[in-house]
Amino acid sequence: MGAAAGAGLLVPSRDAFALDTPGKLGTPLGPYGERSPFEKAVRWRRESQTPETGSSFTPLQDSVGTVTPSSLHYERHHSGIPTIDPSQHRLIIHGMVDRPLSLSIEEIRRLPSVTRTLVLECGGNSGSEWADKTGVDVQRSYGLVSGSEWTGIPLSLLLAEVGVRPAASWVIAEGADACRMERSIPLPKAMNDSLLAFGQNGEAIRPAQGYPLRLINPGWEGNTNVKWLHSLKLTNQAYMARDETAKYTELMPDGKAWMFTYEMDAKSVITFPSGGQTLPRRGPYELTGLAWSGRGRIERVEVTIDGGRTWENAHLQEPRLPIALTRFRLPWRFDGREATIASRATDETGYVQPTREALIAARGRNSNYHFNGIKFWNVRADGTVTNVDA
Amino acid sequence: MWTRSVIVLWLAGAIPLAAQSPTYSVGRPPTPEEIRALGIAIAPDGEGLPEGSGSVAAGREVFAAQCSRCHGPNGEGGVGATLVGGQGTLRSARPLKTVGSYWPYATTLWDYINRAMPFDQPGLLKAPEVYAAVAYILNLNGIIREDQVIDARSLRKIVMPNRDGFIPDPRPKTPSRQR
């Protein structure tokens, strides 16, 4: 026994680990991976009589790193997820062009492609925060944001192929879902950095994310990133679609509404510890969260543990990619005293994430979309974590 | 002079087009059927509106058959959105955003009903039924008279109550430095 114990310092004994029994084989190799049965993170959605429309929220509290698994990417659908056979799907570019074009997915995939790591955020993310009672956890209050690697071809490449006429100034994008959701995209954006994506996180885009083809407009509100894309029509005017007039516009206190509010402002939130979680004991923890901006790189994330009196720079995960989720971290010791924690992001344009109070003072409470205020969590003495209402 | 400036404009347009000849030559021209099938998008100037017309009276029947189960018998809302009322509330603490109080263009109503309604059978309605439903909803909101008939010509002339209620995105001038 003495020899075995001595050897155990160098060669771990099987008995030192919680294996069922020595020699029990694991499960066989498989064709498509599943996560551990011990992992339970799932999207959350409100109960609904019309489950084909609505939003499902990414479990940010369980996130690590900067990529959202495609299976946990937030969803916003308006008439369900269509089942599309890619061999039957075509993208048609028409309207004010010299050479209208009908392309199969196979043809699109033969063109020179690019890959970009990007954040995607619903224009309505954090809509809960305009109200008196704010979201109780990070999933339900900030979870309409996800990060992915998208692969596709630059839209500008195909616009050169079709020959856009000088009078054209907008692109009307339409999806092949049941309601054929449409948005008007200004031509300069389409010529600049829009992608026709067929890949997400190393595989084909999932059906819920637009399979087989999705328009990706980097940094712009999720709704403009039209899924199941089948039509791009070049026009000389915006089409004033329902989702750019009745919805995705921000009503101000003076009764006027902002429209064509495309870019997502810089934003951040602490994902651990966050509302609904419990710190099991005192001691060291890593305080962490995510920051992003539709306008470029995250330059700085500051963290407060005293309700905003003092702020400290968090460590930013490199590489800090433009318009991408950026993970921030700060070592922290929970000593059993109540702490009110929050994060504040600054992007490369110098824009600083505002407080919720500043946003409400500027825009009132009825603008619904584009909330990017600072989110405070209260860590109680017993280790439970809750949201903070002003 | 007039001829000369036309030629200059023509040249200015022609040069970039010549430089834009296709590089990859993938795909094919769309078939007329493909273009027709995609031709449902309606511009705010009415471009794209099909032939046909609908009266308020016909719209009442369409609405009762296809819309009221979600939007209520008189557009008051239910599972579906409230379609009526709210004019004068946009500055209040509880604004009611409806077709009548908020939507800037009547063409949007035609386009959206045609492409997305009814919720469980989008695309079900024929053009005259869409015109009729639009007429009924506009009448419920006091925007057109009871005896009015809506077609492509009349729809594009309708000025919605909140037509001038929208301004372009004013950011990033909005507050960002307040802490």
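I began with strand S7 of chain A, residues 170-175, and found it mostly covered, with 6 of its 6 residues buried. The model I am reading is predicted.

I then took the two faces of S7(A) in turn. On one side I noted Trp170(A), Ile172(A) and Glu174(A), and on the other Val171(A), Ala173(A) and Gly175(A); all are buried, and both faces are covered.

Next I looked up the pairing of S7(A). With strand S8 of chain A, residues 182-186, S7(A) pairs in the antiparallel sense over 5 bridges. I traced Trp170(A) across to S8(A), where its bridge partner is Pro186(A). The hairpin of S7(A) and S8(A) has 6 residues between the strands, and I noted there a positive phi near 45° at Arg180(A).

I also followed S7(A) to strand S12 of chain A, residues 229-235; the two run antiparallel and 6 bridges join them. For Ala173(A) I recorded Leu232(A) as the bridge partner in S12(A).

I moved on to another part of the record: an open sheet of 5 strands in chain A. I wrote down its order as S18-S17-S21-S22-S23, with antiparallel pairing. Strand S18 (312-313) and strand S23 (385-387) of chain A stand at the edges; each has a single partner strand, so one side of each is without a neighbour in the sheet.

Strand S21 (residues 339-347) and strand S22 (residues 377-379) of chain A pair in the antiparallel sense over 3 bridges. I noted Val379(A) in S22(A) as the bridge partner of Ala339(A).

Technical notes:
Residues numbered from 1 in each chain as written. Chains lettered and ligands numbered in written order. Predicted model: local features only at pLDDT ≥ 70, side-chain atom pairs only at ≥ 80, totals over all residues. Buried ≥ 20, exposed ≤ 12 C-beta atoms within 10 Å, placed from the backbone. Helix = DSSP H or I, 4+ residues; strand = E, 2+ residues; numbered from the N terminus. Pairing = 2+ DSSP bridges.
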